[in-house]
Amino acid sequence: MATQLFAPDPIDFFDPVPYSLVEYQGHMIVGAIWFVAALVAFFATKGSRLHIRAGQVCIASVLLIGVTALVMLAREFIAPLALNAVTSSYAVITAWLALKPSSANVRSAEVALSVIEVAAVAAFLAIALPNVMSGLVPPIGPVVVLLVPLILLGGDINWHLRQHDRARLRVGRHLARMIWAFVIVLRAPLVEFETAGFYDLPDPLLVAGPVLLGAVMLVYAQYRFAGRTRRSPTSQAV
């Protein structure tokens, strides 16, 4: 197994060796489409045609992000990119499934996705821990990468144990999952463009900024949609 934990630094946006220009910029462009569609879906009236269409664009674009990430990983395997690709797809698909009526097929799909995410986290740890133990990377690096996946898996435990409350919890889970997927997709280019020299942001902002933004979005969603979710979406994030 490849042991590289972080990508080549920095990557030139216009000559992104070891990746090709098409796959690298395509990955970034699809990420930008996801970013816009996610914001539209978040602020649009829930259940409206605009919200539904924006949500469909989110699902399609995040799956394309996963495909382009796989193409790049085939060229040079980078552990955080692999985990982010799996986690963003897992978060969006489970957000979509949360709105489906309970059935054996839906529940089986949700359990399978949880297992896949656990496997992705375990694979990341198998690469990250030797890097940390040897002093190649500080412990904070893997912790930051694992923060959102562990939050989502914690939400899965609550969800699987409370299937009898599915109808009451499903909208809150959907909102929380989409918000954390937004955080994942935002954080990667934020760091990438900073290392490429487009701007110079303080490290704490790069590390904690997207996660704090996600927390703010969760609080905003709690107050804006409390009457419709019947439960705070923040409860699905913990």
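A: Let's start with the handedness: α4 passes α5 in a left-handed crossing, meaning that the near helix is turned anticlockwise from the far one by less than a right angle (clockwise would be right-handed). The model is a predicted one, where local features need pLDDT of at least 70, side-chain atom pairs count only at pLDDT 80 or more, and totals for chains, interfaces and linings use all residues. Residues are numbered from 1 along each chain as its sequence is written, and side-chain values use heavy atoms, with hydrogens and water left out.

Helices here are DSSP runs of H or I with at least four residues, numbered from the N terminus. The axes of α4 (residues 104–133) and α5 (residues 140–161) come within 11 Å and cross at roughly 155 degrees. That makes the pair roughly antiparallel, a label for angles over 145 degrees. The axes are lines fitted to C-alpha atoms over the stretch in contact, with angles running from 0 to 180 degrees between N-to-C directions.

On the α4 side, the contact (heavy atoms within 4.5 Å) includes Glu-110, Val-111, Val-118, Phe-124 and Leu-125. From α5, Pro-142, Leu-146, Leu-153, Asp-156 and Trp-159 are among the partners. By class, this contact has 13 nonpolar, 2 polar and 3 charged residues; Ala, Val, Leu, Ile, Met, Phe, Trp, Tyr, Cys and Pro count as nonpolar, Asp, Glu, Lys and Arg as charged, and the others, Gly among them, as polar.

For context, the protein has 7 helices and 0 strands.

Conventions. Helices (H or I, at least four residues) and strands (E, at least two) are DSSP runs, numbered from the N terminus. Angles under 35 degrees count as roughly parallel, over 145 as roughly antiparallel, 65 to 115 as roughly perpendicular and the rest as oblique.
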